[in-house]
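Trainee: I have not looked at this one before, and I would like to go through it with you step by step. Could we begin with the overall build and then turn to single residues?

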Amino acid sequence: MFDITMLIVPFFISLGLTPLIKKYSVIAKTYAKENERTIHHGKISRIGGVAIYVSFIISMALFVKADMAVNGMILGGSLMFFCRLDRRSD
């Protein structure tokens with residue numbers, strides 16, 4: 001059965017973590033640099049997906065009964081998240 005809290009909890013976790021990640025990206029200098037090819041202005045965080053990933057993992061731990069299939073999806077997703085190849089040329 002679907003419960004609306006399964007949408008609300010990860011939304012508010014992500015909503016709360018996003019400004020913290022943005023502040024950390026300025027401190028750690030992990031923001032996108034402006035150059036002649038970019039269309040954005042200001043410091044845009046390159047690690048914004050961390051807030052989404054953390055809110056997903058917390059909501060999965062709270063709402064989903066873990067079995068082998070769920071554990072495999074979480075493990076595979078976590079491997080892709082942590083082992084992402086950085087293809088920047090700077």
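Mentor: What follows is a set of questions and answers on this model, which is predicted.

Trainee: Which pattern do the helices and strands of the protein follow along the sequence?

Mentor: The secondary structure of the protein consists of three helices and two strands. Read along the sequence, these elements come in the pattern α-β-β-α-α.

Trainee: How many of the residues, as a percentage, count as buried in the protein?

Mentor: The accessible surface comes to about 7400 Å², and 69% of that surface belongs to carbon and sulfur atoms. Residues count as buried when their relative accessible area is under 20%. Of the 90 residues of the protein, the share that counts as buried is 14%.

Trainee: Which helices are included in what covers the buried residues of helix 2?

Mentor: Helix 2 runs over residues 49-63 and reaches 21 Å from its first C-alpha to its last, close to the 21 Å expected at 1.5 Å a residue. Its buried residues include Tyr53, along with Ala51, Ser55, Ser59 and Met60. What covers the buried residues of helix 2 includes helix 1 (5-27) and helix 3 (68-82).

Trainee: Is serine 78 buried or exposed, and with which side chain does the side chain of serine 78 make a polar contact?

Mentor: Serine 78 lies in helix 3, and it counts as buried because its relative accessibility is 14%. Leaving aside residues up to four places away in sequence, serine 78 touches Tyr53 and Ile57. The polar contact, at 2.6 Å, joins the side chain of serine 78 to that of tyrosine 53.

Trainee: How many aromatic pairs are there, and which residues do ring pairs link into a cluster with Tyr53?

Mentor: The count comes to four aromatic pairs. One of them is the stacked pair of tyrosine 53 and phenylalanine 81, with 4.2 Å centre to centre and 5° between the planes; tyrosine 53 lies in helix 2 and phenylalanine 81 in helix 3, so this pair ties together parts that are 28 residues apart in sequence. Tyrosine 53 also forms an edge-to-face pair with phenylalanine 82, at 5.5 Å centre to centre and 80° between the planes. The residues that ring pairs link into a cluster with Tyr53 are Phe81 and Phe82.

Trainee: Why is phenylalanine 82 classed as exposed?

Mentor: Tyrosine 53 counts as buried at 16% relative accessibility, while phenylalanine 81 is partly exposed at 28%. A residue is exposed when its relative accessible area is over 50%. Phenylalanine 82 is therefore exposed, with a relative accessible area of 60%.

Trainee: What is the phi of lysine 29?

Mentor: Lysine 29 lies in the loop between helix 1 and strand 1 (31-32), and it is exposed, with a relative accessible area of 60%. Although lysine 29 is not a glycine, its phi is positive, at about 55°.

Trainee: With which side chain does the side chain of aspartate 3 make a polar contact?

Mentor: Aspartate 3 is placed in the segment before helix 1, and at 37% relative accessibility it counts as partly exposed. The polar contact of its side chain, at 2.9 Å, is with the side chain of threonine 5.

How values were computed: Residues are numbered from 1 along each chain as its sequence is written. This is a predicted model: local features need pLDDT of at least 70, side-chain atom pairs count only at pLDDT 80 or more; totals for chains, interfaces and linings use all residues. Side-chain values use heavy atoms; hydrogens and water are left out. Helices (H or I, at least four residues) and strands (E, at least two) are DSSP runs, numbered from the N terminus. The expected span of a helix is 1.5 Å times one less than its number of residues. Buried means under 20% relative accessible area, exposed over 50%, partly exposed in between (1.4 Å probe, protein chains only). Contact means heavy atoms within 4.5 Å. A polar contact is a pair of N or O atoms within 3.5 Å; within protein, one must be able to donate a hydrogen and the other to accept it, and residues adjacent in sequence count only if both atoms are side-chain atoms. Accessible areas come from the Shrake-Rupley method with a 1.4 Å probe; for residues, only the protein chains shown count as cover. Rings of Phe, Tyr and Trp (its six-membered ring) pair if their centres lie within 6.5 Å; planes under 30 degrees apart count as stacked, over 60 as edge-to-face and the rest as tilted.
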